[in-house]
Amino acid sequence: MSEPGTPFVIRPARRSDDADLAELDRATWSTLHAVQPRPVPPYRPFFDETHPPEQHLVAEPVTGGATGDGRIAGYIRLCAPTPLACNQHVRQIQGLAVARWARGEGVARALLRAAGDEARRQGATRVTLRVLGHNTPARRLYESEGYTVEGVLPGEFFLAGRYVDDVLMGRPLTG
């Protein structure tokens, strides 16, 4: 499930990834993308009944010909945006994080592409996501992968002393 030529393998998350994914989430927390306050102890598990392992793909580095060395370079969460039958043709990205040591290596792009493949496998015809207006690097990445702005909620969040837009983006998986 990895992009040809990338030094990472993309695989489904396992329940045993919980602690590593929770640590990655805490380490990458930033007001650039997070609307929740910075996590503080006692930390909650990464997986719970509304965020099961099945909704996540993880990236691991490939080293020495091995398919993964156990470190998690990043993850993406892909799920149905609602439980409604009338929009089960849509999948939504509800989380994407890349470890600092793996940034600039194509991990986020590989995860986005793997999520698109997984969404197609699940029968989806579109993928959507939400990104904060001031997160220019993420918006550029999404646009380069075919996502377009489908709506903007101006000033939807008040973060770090300023109002930030919530940008809704999506792309078709067909055609």
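Biologist: Let's start with Thr128. Why is Thr128 called buried?
Modeller: In this predicted model, Thr128 has a relative accessible area of 10%. Buried means under 20%, so Thr128 qualifies as buried.

Biologist: Where does Thr128 lie, and which residues does Thr128 touch?
Modeller: Thr128 is part of strand 5, residues 126-132. Not counting residues up to four places away in sequence, Thr128 touches Val90, Arg91, Gln92, Ile93, Glu150, Met169 and Gly170.

Biologist: What makes the pairing of Thr128 and Gln92 a polar contact?
Modeller: The side chains of Thr128 and Gln92 are joined at 3.4 Å. The cut-off is within 3.5 Å, so this pair counts as a polar contact.

Biologist: You listed Ile93 among the residues touching Thr128. Which residues is Ile93 in contact with?
Modeller: Leaving aside neighbours within four places in sequence, Ile93 is in contact with Ile76, Arg77, Leu78, Leu112, Val127, Thr128, Leu129 and Tyr147. Ile93 is also one of the residues with the most contacts inside the largest nonpolar core, along with Val107, Tyr142 and Tyr147.

Biologist: How many residues does that largest nonpolar core have, and where does the largest share come from?
Modeller: The core has 29 residues. At least two residues each are supplied by strand 1 (8-12), strand 2, strand 3, strand 4, helix 2 (107-121), strand 5, helix 3 (136-144) and strand 7 (162-172). The largest share, 8 residues, comes from helix 2. Another core, of 11 residues, lies apart from it, and Ala13, Leu21, Ile72 and Ala99 are among its members.

Biologist: Let's look at helix 2. How do you know that its length is close to what is expected?
Modeller: Helix 2 has 15 residues and spans 21 Å from its first C-alpha to its last. At 1.5 Å a residue, the expected value is 21 Å. The expected span is 1.5 Å times one less than the number of residues, so the value found for helix 2 can be set directly against the expectation.

Biologist: Which residues of helix 2 are buried, and what covers them?
Modeller: The buried residues are Val107, Ala108, Ala110, Leu111, Leu112, Ala114, Ala115, Gly116, Glu118 and Ala119. Their cover includes strand 1, strand 2, strand 3, strand 4, strand 5 and helix 3. Following helix 2 you will find Gly123, with a positive phi near 90 degrees.

Biologist: Now helix 1. How do you know on which side of helix 1 the buried residues sit?
Modeller: The buried residues of helix 1 (residues 18-27) are Asp18, Leu21, Ala22 and Leu24. Their arc around the axis is only 160 degrees, which means they are on the same side of helix 1. They pack against strand 2 (56-61), strand 3 (74-79) and strand 4 (90-98).

Biologist: What makes Phe46 and Tyr75 an aromatic pair, and why is the pair called edge-to-face?
Modeller: The ring centres are 5.1 Å apart and the planes are at 80 degrees.

Biologist: Which parts does the pair tie together?
Modeller: Phe46 is in the loop between helix 1 and strand 2 while Tyr75 is in strand 3, so the pair ties together parts 29 residues apart in sequence. Phe46 is buried at 11% relative accessible area, and Tyr75 is buried at 6%. Phe46, Phe47 and Tyr75 form one aromatic cluster.

Biologist: Finally, are Leu159 and Ala160 buried or exposed?
Modeller: Leu159, in strand 6 (residues 148-159), has a relative accessible area of 9%. That is under 20%, so Leu159 is buried. Ala160 is in the loop between strand 6 and strand 7, with a relative accessible area of 71%. Exposed means over 50%, so Ala160 is exposed. Ala160 also has a positive phi of about 50 degrees, although it is not a glycine.

Key: Residues numbered from 1 in each chain as written. Predicted model: local features only at pLDDT ≥ 70, side-chain atom pairs only at ≥ 80, totals over all residues. Heavy atoms only, no water. Helix = DSSP H or I, 4+ residues; strand = E, 2+ residues; numbered from the N terminus. Buried < 20%, exposed > 50% of the residue type's maximum accessible area, 1.4 Å probe, protein only. Polar contact = N/O pair within 3.5 Å; in protein donor to acceptor, adjacent residues only side chain to side chain. Contact = heavy atoms within 4.5 Å. Arc of directions from axis to C-beta. Core = buried A, V, L, I, M, F, W, Y, C linked by side-chain atoms within 4.5 Å. Phe/Tyr/Trp six-rings, centres within 6.5 Å; stacked < 30°, edge-to-face > 60°.
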